[in-house]
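User: I'm new to reading protein models. Could you walk me through a few features, starting with how two helices sit against each other?
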Amino acid sequence: MTEIFGNAAAQSAFLSAMRGGALHHAWLLTGPQGVGKASFARLAAMRMLADGANPDATPAGFDVPQGDRTRSLIEAGSHPDYRVLARLPKDPEKPDQDLARSITIAQVRTLQPLFATTPSMSARRVVVIDAIDDLERGGANALLKNLEEPPAGTIFLLVSHAPGRLLPTIRSRCRLLRFEALGQDEVTKAIRALRPEADDEEVAALVRASDGAPGRALRYAGLDIAGIDSALAEIARDGDRDNGRRLKLAKALGSKASQPRYEAFLDRAQAFVADQARTRSGPALRTALDAHAAARDLAGAAVGLSLDAQATVFEMAGIVASLRQ
């Protein structure tokens, strides 16, 4: 299981609730995407189930020792009192490729046989939904019935990146547990632990790209984010009057094999323009704000409409070049 980094206050609040013996039946874990909410939910679920099975065998914190029966069953995907709902692969035979757009009502209904029986290994069962933002409307309504009349011994851990979009009736049934963006030192520690093979230059680039979210940074691991950021900075600083830099970048990122770097470029270009806007004022700020709107629209169309990658990179780099002062 993944180690938890940062957000000591959230961890402490949940531990206090566990020790108090009156654990709320539904928790809404909110905060920026990539700060560790889902990892926390899985570790907290393991600890709650381990405590329920053998309360005297687990140490302080969220650690569950290797060899513990609960841990072994969860890691094998066979614990009878533990369920995770998440978006499923579009093609079951290709689990590492595209995921479905939502968590379906059919997935929520698979919980009903679980709720129809008592927990198998203790008086407690745990359901993690990662993320509840992905739940289709019918699934949200089906889940609401369980939150309003929670099955005995059931704890729901609901991960949310955008709680304002949830049904108010779901939010009102949950206790809020807020996660914040991590500090630079915490992000560095997380990246070094999760990607020990990364050299100092890559770690520094990933930290810059993280915006306080190690999970976001790790999506860029191995994609030479430092090179993308450097190219964006050069184009913004010097412009590109002869189109040479934009053509070079488009050729490097436009092939099918470069798809992960191309998608990272779209993200980094938007972030780069946003950072430029934060440091400007007057007419220069207006230029940056217009550029950010254009970059956001282009990136959205590129993904939604499957625009030609080379043409998109060339156009996006032109938007960045407009920032030259």
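This is a predicted model: local features need pLDDT of at least 70, side-chain atom pairs count only at pLDDT 80 or more; totals for chains, interfaces and linings use all residues.

User: Which residues make the contact?

Analyst: From α1 you have Q11, F14 and M18, and from α2 there are F40, A44, R47, M48 and D51. Sorted by class, that's five nonpolar, one polar and two charged residues.

User: And how do I read the nonpolar core? Which residues touch the most other members?

Analyst: Think of buried nonpolar side chains linked up by contacts. The largest core here has 77 residues, and F14, W27, F40, V126, L157, F265 and M316 touch the most other members. Helix α2 (residues 37-53) gives the largest share, nine residues. There's also a second, separate core of 23 residues, with I103, L114, A140 and L167 among them.

User: What does V126 contact, beyond its neighbours within four places in sequence?

Analyst: V126 is in contact with A45, M48, L49, D81, Y82, R83, I155 and L157.

User: Last one: is T30 buried or exposed?

Analyst: Buried means under 20% relative accessible area. T30 has 3%, so T30 is buried. You'll find T30 in strand β1 (residues 26-30). Leaving out residues up to four places away in sequence, T30 touches K37, S160, P163, L176, L177, R178 and F179.

Technical notes:
Residues are numbered from 1 along each chain as its sequence is written. Side-chain values use heavy atoms; hydrogens and water are left out. A nonpolar core is a set of buried Ala, Val, Leu, Ile, Met, Phe, Trp, Tyr and Cys residues joined through side-chain atoms within 4.5 Å. Buried means under 20% relative accessible area, exposed over 50%, partly exposed in between (1.4 Å probe, protein chains only). Helices (H or I, at least four residues) and strands (E, at least two) are DSSP runs, numbered from the N terminus. Contact means heavy atoms within 4.5 Å. Ala, Val, Leu, Ile, Met, Phe, Trp, Tyr, Cys and Pro count as nonpolar, Asp, Glu, Lys and Arg as charged, and the others, Gly among them, as polar.
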